[in-house]
Each structure stands twice: as C-alpha cells, then as structure tokens.
Amino acid sequence: MTTAAGLASERAGGWRRFRRPFLAALVLGALVWWSAALCRVSLDELGPALVKGIEVGGFFLPPDWRALPELLQPALVTMLLAAVATPLGLALSIGFGLAGARNLAPEWLRMPARWLIGIERALPELITLLLLVAALGIGPFPGVMALAIGSIGMLGKLIADAIEEIDPRVLESVESVGATRWQTIRHAVLPEIMPGLLANTIFRFEVNVRSSVLLGAAGAGGIGFELNKAMSMLEYERAMTAILVTLALVFGAERLSDFLRRRVLDGGKLK
Amino acid sequence: MLYVENLSKSLPNGRVLLDRVSFSVKPGEFVGILGASGAGKSLTLRCVLGLTRPDSGRARLVTSNGTEFDLTGASGRRLREARRRMGVIFQGFHLVKRLRVLDNVMIGRLGEISPWRSWFYGFTDREAAGAFEALRCVKMESCAERVTGTLSGGEMQRVAIARAMFQQPELFLADEPIASLDPSNSLAIMKLLRPLAAATPVVGVFHQPEMTARFCTRVIAIKHGRIIYDGAPELSHAKLEEIYGNELMEVLRPAPVAPAPAPSPEPAHSAGLELAKLA
Amino acid sequence: MSAAVSAVPAVPPYVLPSDQLRRRLGGFLAVAVFLVGSGAFLGFKPWLLITDFHYIVKLAAEMVPPNLALLWEKTTLRASVAETVAMAFLGTLVGGFAALGLAFFAAANTAPHPAVRAVVRALFQFERATPNLITALVLLVAVGFGPFAGFLALTIGSLGMFGKLFSDAIEQVDTGPTEAVASVGATRWQVIRFAILPQVLPSVVGNVFYAFDVNLRLAIALGIYGAGGLGFELQLAMKVLRYPDVLALVLLIVVLITAMERVSDFLRRRLIGHDTLK
C-alpha cells in the first residue's frame, strides 16, 4: 500500500486489477440505490424539505424559557432513572457473567447464560420497555428495569470474558490453600476484574442516560416524555427548551462519567 | 507425615508416566525430588495435591493429631480440608497480582474461614497481624502494603512462602520453587525453606542437584516414572549421569558443591515440565 | 513460627482489615442511601416485581405461542424489514462518507484554516451530544413520517459519532508517507488520497461496521416513534393488542440483529483482512 508503488501499478496494470474493487463498487452502488428507494429518499423532495425544515426550525425559536423550571424535575428524573438502573444492571450482569464463564461455571449453566446474554444484546431496550409497560403500566419501574436488563448484554459479556481470561494457575494456587470456589471468586477473580468493570459500569451509566431520554418518550417519564409531549402538542418553543435541557443533561453525564472513570483507572481502586 | 504408596499413571497410548512411586516423609526431613524432564517429578506432586488423579495407588497425609486424609481419592470438602494442611509454593508464584502483599498472605487462611465470613466481613485484625508476622519471617514485612504485581520474582516467592507458612500446615510442598529465580534469590529461598523442615516436612521438586545437595536432608530421584534413588543428598557424578542422562551436561556446573552460587541452569527443561503436567 | 497468637502491633504499618471494612461499609451505605432515596423520589417500587409479577406472566401467556405465521403471511413485513435495514445501511454509509469528508476539515494536519477546523469540530461535538430522539422528532416534523426521516436522523447521528473518531484518526497518522508523497510534488488532495487515506481506512471501515450494528437497533427504535420499518410494525401490533404478533415480531427483530451482526463481522474481516480497497 505504498504510495509511489500504488501510483505506478495503477497506471501499468490492465483492467484486471480493477475487477475486484469494481465489482464491489457495483454491488455497493446497487445496494445504495435499492436502499434509497426503500427509504423513499427523494432528492427532489429534499429541496422543499430543507426549506420546510428551516421554516419549522423557526417555530422552535425562541425557546420558551418560562418552561425551564418545570422541566428541571423531569431532567432529574431521567438522570436518576439511569443512576438507579446502572447498579441494578451491574448486579444482574455479575450474576450472568459468573454463570457464563468457562472456568467457573459448569457447562449446563454456561451455555444458557451466554445464550441469554447474546439474546439480550440483540434486544433494543425500547422493546423491553414496551413489553414491561404493556404488562405493568407506565411508571418508573418498567423504565428502570428496561435499562437494567439492557445492561446485561454489554456488561454481562464483558464480565464473562474477563473472568475467562484470568490466569488459571492463580485460581489453582488459591484453591491449593483449601479455599472453596466462592472464596476463590471473592479473592482471586473479583480483584482482577474490578477496575475494568468499574470503568465500564460508569461508561454504561452515560449510555443509560441517553437511553433514558429515548425511553422517556415511550412511557418511562423524564425529559424524554416532556419533549415528546411538547412536540405532539405542537408547543415547539417548549420543546426547544426541553431539547436544551436534554443537551445539558447528556453533556453533564458525559463529564461526570469521564471524571469518575479517570479516578477509578488512576487510583486502581479495588473494593 | 506423608505416605505415597504405589502411585501409577500411564497415558492412553501406553507410555508410562508414573510407575509404583512410593516413599514416605516425616517431620524433620527436607526432601528434594530430582529427575530429568518428563521423568514424573511434578506429576507426583500434583497427585499428592489432588490436582491430578493417578490410575492406581494412593497418597495419604497423617496429621500430628492422628487424622488421616486420603489425598488421591478425596474430593470436595474432604480435599479442601486436606489442602488446608498442605502449604504449596509454585514455580510461577501465582499470587493475585492486584492485591496487596498482606492480602495474598492472608489468603492462606481461607481454608479456615467460612465463605460467608470471607465475602462479607473479610479478615480479622488478628489474622492480619499473624500474616504480618509471617511476612516478617521471610523478611518482607516492609512490603506489606505494596501491590503484589510490583514485586520482583524473588520477592514474590518469599510472599508465597509466607502464605504457606501462615497456613500452619502439616506439610510443605514446593514445585520447582527456584526455577524462575536468579542464583542469589535461589539461595535466599533455599535458606528460608531449610529451617522450616525442622518442625514440618518439606517436599520439593528441583532441577538443581547442587542446591539439593547443599540444603536437603534426603534426595529422591525419579527416572521414567520410577524411583531410582532414595537417600543421602550428595550424589556422585555417576549417579547424576544415571538420573539425567543426556541432559547432564546442560544441568551440571563446574563445581557442584562450591560455596559460591552456581550459574542458574538452562531452562530447556520447561518443555519436559509441560509433559509432566499432563492430566 | 509465632504466627499463632499475635497481638496487633500498636501502630501497624499496614491498613487494618477492620479499617478497610469500615470504609467499605461506609461506601456501601452511601450508595444504598442514594439508591433508596432516588428510588423513593422516582416512585420506583421494586417490590412490584413480586406483587405484580402475575401481570408479566399474564402478558407472557398472551404472547405465547408466537404468531410465526405472520412472518410469511404478512407481505408488508418483508418490506418493513427491508426498510429498517435500508435505513440503517444508508444512514451509516452516507453518514460515514460525509463524516470522512468533513473530518479532513476538522483534523489539524489537513484543515485549510484553524477557524474552519473549529467550526467543524463544534458541529461534530454538537451532533454527538444530541440524542437521536431529538434529531428524529425534529425531522419527523420537517419531512413527515416514514423511513426518509429515519434515514436522515441516522445519517446525522452517524455524522456525530464518526466525526470525532475520524478526525482523531487523521490527526494520528504517520507523517512519513505524507512527507514522502508531498516531496514528489503532489497536491493536497493527492497527499490525502495516497498517504493519509490508506492509513486511516482500516479503522474507518471497522467503525463503520460497528456503527451499522448500532444504527440497526436505532432504526428499530426510531421506527417505533414513526420512522417506519419493523419498529412501526411492532408498535402497531402493540396498539391493537395482538400479542402473539408482538412476540413474533420481537423474535424476528432479535434474529435480524444477530444475523446482521454476523454478516457485518464476516464482511469486516474480509475487508480489513484483505485490503481490497484501492
């Protein structure tokens, strides 16, 4: 992939060199065309849509600042939903992670555990929320549970993989003093995975805040719900305020997460 | 006291790994097990520890108050109780690198503590003090708060010995404890192990006949899975040649019993180690 | 050996387990108080899991057996699947291309002017921070319901996701090839094409495939909000309370996402492994 050679051979070789990339480009082009048709992408419509978009954009400004105090509580709700769901999700994930590790769990437990983790990863949280809301009605409980369950796909897999990577001889060494399996987990496994796990959990909190916004509109409450409500009631200035509050919230969560993660990784904390 | 009786094990293809290995060890003895790569030394140790099952024969541990443990046949709870009474150190130390040195020593006591307590309460101050004493015995007390992963090889091995000592076992087992260490550290470790033997028997697998000649009270030599020598630690050149065969020139140094530490042996035997560690 | 009965030294040179325990307990207590307090504030009733569990069971009973016949009977379903995948595919691709192009304006070593760089970077930052929901809702109003809005939302979202990644990658290239190509008298665009692009391409491709997986899930979520595709079908089934249909659709979604993940994994390995890109 050197530059001079690339230039030279491109000029020198026949059309054969281009065959593979050419075919790939063709396939890609076909897919793009087909997708565009499916999405009803219409370039003629784009022009007027852009104009309409700008016009609509005008409705959003100026933001309705009087709505700001009422929107602070929902913002707090959104953040707290994520804050409560993350430790819960961590607890669940540790269970699944332990059950999914080759060097700890018996095979009859490991396969179903890994399988469930995989399925959960493919299940968008919104769907989990809708199902829970269908069963239990709207409220914070389905929201928290949807977020917590949603973490299992990511954290559970991470934990199971991290446990499997532990040096088996260290586990053997702790067992040689007469420790039980659970003691080995507590004293050899947990310390090894703790720092990485904590960092990932904090990251997951940040992800959960964003998800919480998305789920909010579907019934979990919080600022997402307020935003959706404002939009559907055509109160666009109010929606704009909600958007700004959301941006501030997400930004704040990101800063917090960065700060905590740096503390954890530098301090090498182990509980 | 340790009784090893007729341990035998072969591979499915017929190759014999252990052939009626038998010996017994009592307090006051520091036994060094020597042998060429793949001879069966480490395998014997793993059978005693219950990490590997022999095809036939057994190993028994009889404690000072008369309790007897069947090491090769035990499993689960019984095996754990037996392991509690054996302090083991490994060639690769295998300590939990993220924990503090003191925590690693305290792990030695896990066999005595109930899982509930160790999960939710942790160790007691008394146990920490005892672990600290053990560290003092191996002269590592100044490192009690350090993260174990930052220590050197020799220091880690000393911590491993402290852990084994903290167990207050009936028997010490060492699987090539000095193979990964440089000469001065090897000497330090051997000097630590020797006094332990006065009260508690120590059985170690070694690759350094000059070390066993100098520090052990008794040497057992294994060749092709069979014991070919069991007696005084000083071995004649002819005997060494019988034990090591072709490897002798790599293993041997100019002055076997010189006061100055000899250059460390070639780690070419590590391949044989893998073979000997077959399940 | 005197480890048997030892008095604790007056000022031990190590952290006492009892102190550690106290600290740990304090930490746990703080977290517990926070959780319980927040839970109370939110009205989060974890005991509902037990008391209302029968509702979940009831729902599950209504969903089983899943109406798998739906999958081949309902012809519009195939179009919906295609719509969802197309949304994700196109959104990722267009967003990726646009991001790559813009990233050159945002990277310190290829930006024509620092002011331009600052503007583009700010744009990326803004888009990264904007949750997809907001973009989608605004677009739904602007272009109406349907996959076009979804595609645009995903494109914009991908722009934000990729922008920072790509510009960072560009900034981190080896300067050797750049200097080599520049020294034979190439223009800025030629330098980019022959020196920078080849170095950046593997990570770009990798990120694009990862983004596709993420966008596929988002496409479904946005569909629930009105962007069409499978998401729309799902929320429709829920609205009319046809729960066996719901379960069938959920299973379809799970299978689709898993299958797409495999495909994208395979393609990515082929692409980055073989370096077939010019």
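In this predicted model, the axes of helix α6 (residues 125-136) of chain A and helix α9 (residues 181-220) of chain A come within 10 Å and cross at roughly 30 degrees. Axes here are lines fitted to C-alpha atoms, for helices over the stretch in contact, with angles running from 0 to 180 degrees between N-to-C directions, and helices are DSSP runs (H or I, at least four residues) numbered from the N terminus. The two helices α6(A) and α9(A) are therefore roughly parallel to each other, a term for angles under 35 degrees.

Residues count as in contact if their C-beta atoms, placed from the backbone, lie within 7 Å. In α6(A), Leu126(A) and Val133(A) are among the residues that meet α9(A), where the partners include Ser211(A) and Leu214(A).

Chain A also touches chain C, and the contact takes 54 residues from chain A and 58 residues from chain C. On the side of chain A, helix α2 (residues 19-38) gives the largest share, eight residues. The table sets out the classes, where Ala, Val, Leu, Ile, Met, Phe, Trp, Tyr, Cys and Pro count as nonpolar, Asp, Glu, Lys and Arg as charged, and the others, Gly among them, as polar.

| Contact | Nonpolar | Polar | Charged |
|---|---|---|---|
| α6(A) with α9(A) | eight residues | two residues | one residue |

Chain C is divided into domain 1 (18-55) and domain 2 (69-274), with bounds from an automatic or database domain assignment. The centres of these domains of chain C, taken over C-alpha atoms, are separated by 38 Å.

Residues are numbered from 1 along each chain as its sequence is written, while chains are lettered from A and ligands numbered from 1 in the order in which they are written. Because the model is predicted, local features need pLDDT of at least 70 and side-chain atom pairs count only at pLDDT 80 or more, whereas totals for chains, interfaces and linings use all residues.

Technical notes: Contact = placed C-beta atoms within 7 Å. Parallel < 35°, antiparallel > 145°, perpendicular 65-115°, else oblique.
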